[in-house]
Amino acid sequence: MILSALLRRDEIEPTLSIAGATLVADVSGALYEPDSGALIVADLHLEKGSSFARRGQFLPPYDTATTLGRLALLIETYRPRAVIALGDSFHDRWGASRLSGRDREALAALQTRRDWIWIAGNHDPEAPAGCGGEAMAEMRLGGLTLRHEPRAGAAAGELAGHLHPVARVAARGRSLGRRRCFATDGARVVLPAFGAYAGGLNVRDAAFGDLFGAGEMTAWVLGETAVYAIPSIGLRPD
Amino acid sequence: MLPERFMRWFAGRGWTPRPHQLELLAHARAGRDSLLIAPTGAGKTLAGFLATLVELAAAPRGESEGVHTLYVSPLKALAVDVARNLERPVTEMGLGVRIEGRTGDTPASRRQRQKRQPPDILLTTPEQVALLIGDPGAAKLFETVRRIVVDELHALAPTKRGDQLALALARVRALAPSATMVGLSATVRDPDELRRWLVDPRRGQDLADLVEVRGGAAPIIEVHETDERLPWAGHSAAHAMPAVYEAIRKHRTTLVFCNTRAFAELAFQELWRINDDNLPIALHHGSLDVGQRRRVEAAMGEGRLRAVVCTSTLDLGIDWGDVDLVVQVGSPKGSSRLLQRTGRANHRLDEPSKALLVPANRFEVIECEAAREAALAGEQDAEAAKPGSLDVLAQHVLGVACGGPFDEDALYSEVTSAAPYADLDRKTFAEVVQFVATGGYALRGYERFAKIRRTRDGLWRVSNPMVAQSWRLNVGTIVEATMLKVRFARSKGPVGRMAGGRVIGQVEEYFVETLTPGDTFMFGGEVLRYVALVENEVFVTRAVSETPKVAVYAGGKMPLTTGIAAHVRSALADPARWGALPTQVREWLGFQQERSLIPQPDQLLVETFPRGGRHFLIAYPFEGRLAHQTLGMLLTRRLERARAKPLGFVATDYALAIWGMGDLSAMIDAGALSLDALFDQDMLGDDLEAWMAESALMKRTFRNCAIIAGLIERRFPGKEKTSRQVTMSTDLVYDVLRRHEPDHLLLRAARADAARGLIDLERVAEFLARARRRIAHRALERISPLAVPILLDVGREQVYGEAQDALLREAAETLVAEAMGPR
């Protein structure tokens, strides 16, 4: 795990300029804002596995540990002063109560000596009980507005989640598999879902059309070792 | 031996009972399980049912006394056909026996009635038996069964459907202890495998009694010869269609088998283009609308067609007496398959079946000759039996619980009485039960959501009725790729306002994913233009007189069998036998001998040469496309480590080509690269582990296992509208499970499947053992004659997994260059 973090540092981290802020787009799907030292992640969907288990689909109960593990790696790399989770941090409103003891401790360890903000999402409108941090409906960070669901129409400086963007890239006359991506037009960003079991919505879907002008969106696609900026002409629908 | 009434009936039709029919009757009377192996046309069906009919005639039964005979076939259509064939003796002898079919198409009302008033003979499919096992009325329905008939056992046994049926029948036999079993089969390599499949060793019979009908006339198999230039590559055999058309004209009814749906489409179109006599020629494959397929089958039954272009969908099925020629377009790839298909012509024992093989390219000429040789020698190379799959077992265990409470030890004994699970250990079985109950994870936590629970009396029971309901929806072992309906778009308005017209059939989702609106492709015998994807339906319009842009709509590509491969290797190695080959092929092999080498049967030829600024390595293992694909993945990893800078590879049935930046000839010459080390068996260790973990093939296999085992639910039409954000991707589940519990039951099941299936590990291992120290290397100045066909495939084949990042980078750079470049 450490090794892959080191390898990743060899690549030039692509940066996004949004509303005067410089944001590092990490290959894991997080944004880091060096000025404030904030690490921003969207749609953790913790306890999605156990949410499905309630309905008889016994997905491996390791999704929360996996997601928190990835987050821990990021925190180790960037040493952020604050972590901001852009909503849908838990898959359902009872998710926090199903956290295992070990995962609860892991989460608490990540929260020590730094600010932790839970922004409300549609899956978790209330603050997760007993999980530390501070709950907010949305927040400002310099010129940036951080919220769960992106507002329709132009919204300069907005960082949001909710849509779980994925891209299908055309290469050599065929399209590659769906990959998570940041969707941005330079004015706002929709972050990819960070959770281990979170699915995805193609950026060519109409839901993204309401946010970005035609042809103005670029998908910053998460590869295995680096992030690749693909302009909309290179993107395929599902 | 036969009752008077039966003797009269036989005599009335001018028949005498055949020895094998009487033999089976005797075995049934003695309470023995038996296996009938007979070629088509031997009166197999009547043989299978004779004991039943005699018994029912002797002791007429009242209304709804329960099912006497359970008949299972892999095909719905066959069940229907058998019902029709049985009606005749039953009516003519006035036996008053009630015969009914039960398939997925049977209306719910009749299925309900069948449970209340069961017929004497129930004709059905493996899936329906599995469903009935999970019915609380199963005990009542099956306790009266005296006879179980399994048709086309050779086709069922080696598959997951066979595993499912073996388990379900073990249950039926537990409920009906006096039942005897009879299997009906075509000729197989190892009859003992099937004989074991049919018995329950706990009842004192280790092998079913074998009744074998020998012979029938030897088939006539010809390989098409052409004066036209034989293609170097490709599989459509378009050059030979005029000859195929001539053959159709000269015969009553012809079945034209193609190896993939795409080639069936091409052949169909080509035949109609030259169909000056307007012969009734139809098309039949798995993607066409069911109604359309049924119409073709009906027309065939009525003798209204002169030819049907088809795929493996017609490998098995109803006897069509009129078929007098089978054409195989492209190499049949296996001897058993060729014999099975040839047998579709002429369903009469005393007349030879006739087949014409049409090689699609030069290499296939050799393959077709090899297949012909193997088939005439009667060689069988179909899949051998394998240990039962654990995902199927999980589905069965839940089904049993849905039918009623079970005792774990008793069920273990029952399960291991089914041949595929004979070697299943008790610990693994316990793991399967735990998996069904709570997912079977080392990390506990799902106990409160358990699907089945052990109650105080020690029996396992389903937790609530919802469990049974969702199990019923997920029964079955065939996991199709997600299929999308293909529908004509009626108006050309903007997408979204488009009205849908007639449905033509369905295509795999992954095929559509490669299309861009405006692309044309061949489907249902027409060239169609892809318009848009509207709510999970593919909207298309007709594209008149155009060559399709995307012809590749493959489905059902089978790799070359080991048996045929051995024939090909020995035929190649012996120039004395080249005389049987057409001049063009002979010349081609002659050039190969002169410029490079014709490998001996136990030799591995490896060629290296530069071409177009790149360096190529071609290896000729002849182990089939799947094994070569796996080898390609592993070899490129090793070449990467050896700093040979490989860029890609392509695999065909007989060779694989790897290309890269490093000068391989020079590296080998300088001792910087050892071919012996490159092909060393140790690649099946860490390299394999590391590759399999990330492999897309593994993920696809895992998805199938997860669905069959009930970890995730099947997607149903209508249920799919839930947003894709919520849709569970099994790839994500796979990644998480692999990291945290690499030894989980489902991963073990998936690895076992992949090793036999998409990754074909067995053949890779056999090959590496054979190739040890038998590598013949030729460093060439330029491409060798034998390498031409495979290099023509470069660019057509998929690149899997690994290269994704490279392609992403390339896409980003290309697009940027395009955007920023000079105007």
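How many strands form the open sheet of chain A, and in what order?

## The sheet of chain A

In this predicted model, seven strands of chain A form an open sheet in the order 1-2-3-4-5-6-7, and the pairing within it is mixed. The edge positions are taken by strand 1 (15–18) and strand 7 (134–136) of chain A, each of which pairs on one side only. Averaged over the sheet and with direction ignored, neighbouring strands are turned by 25° against each other.

One pairing within chain A can be described in detail: strand 3 (residues 31–33) and strand 4 (residues 38–41) of chain A are antiparallel and are joined by three bridges. Among the residues involved, A:Glu33 has A:Ala38 of strand 4 of chain A as its bridge partner.

## Strand 22 of chain B and its partners

In chain B, strand 22 (residues 614–619) pairs with strand 21 (residues 604–611) of chain B, the two running antiparallel and being joined by six bridges. These two strands of chain B form a hairpin with two residues between them, and in the turn B:Gly612 has a positive phi of about 55°. B:Arg611 has B:Arg614 of strand 22 of chain B as its bridge partner.

Strand 22 of chain B also pairs with strand 24 (residues 656–660) of chain B, again in the antiparallel sense, over five bridges. Here the bridge partner of B:Ala619 is B:Leu656 of strand 24 of chain B. Strand 22 of chain B is mostly covered, with five of its six residues buried.

## Packing of helices 27 and 29 of chain B

Two packed helices are described by the angle between their axes and the distance between the axes. For helix 27 (residues 696–708) and helix 29 (residues 745–756) of chain B, the angle is about 120° and the axes are 9 Å apart. Since angles from 65 to 115 degrees count as roughly perpendicular and those over 145 as roughly antiparallel, helix 27 and helix 29 of chain B are therefore oblique to each other. Helix 27 of chain B passes helix 29 of chain B in a right-handed crossing.

On the side of helix 27 of chain B, the contact is made by B:Leu697, B:Met698, B:Thr701, B:Phe702, B:Cys705 and B:Ala706, while helix 29 of chain B contributes B:Leu746, B:Ala749, B:Ala750, B:Asp753 and B:Ala754. Sorted by class, this contact of helix 27 with helix 29 of chain B has nine nonpolar residues, one polar residue and one charged residue.

Definitions and conventions: Residues are numbered from 1 along each chain as its sequence is written. Chains are lettered from A and ligands numbered from 1 in the order in which they are written. This is a predicted model: local features need pLDDT of at least 70, side-chain atom pairs count only at pLDDT 80 or more; totals for chains, interfaces and linings use all residues. Axes are lines fitted to C-alpha atoms, for helices over the stretch in contact, and angles run from 0 to 180 degrees between N-to-C directions. Helices (H or I, at least four residues) and strands (E, at least two) are DSSP runs, numbered from the N terminus. Angles under 35 degrees count as roughly parallel, over 145 as roughly antiparallel, 65 to 115 as roughly perpendicular and the rest as oblique. A crossing is left-handed if the near helix is turned anticlockwise from the far one by less than a right angle, and right-handed if clockwise. Two residues are in contact if their C-beta atoms, placed from the backbone, lie within 7 Å. Ala, Val, Leu, Ile, Met, Phe, Trp, Tyr, Cys and Pro count as nonpolar, Asp, Glu, Lys and Arg as charged, and the others, Gly among them, as polar. A residue is buried if 20 or more other C-beta atoms lie within 10 Å of its own, exposed if 12 or fewer, and partly exposed in between; C-beta atoms are placed from the backbone. Two strands pair if DSSP finds at least two bridges between them.
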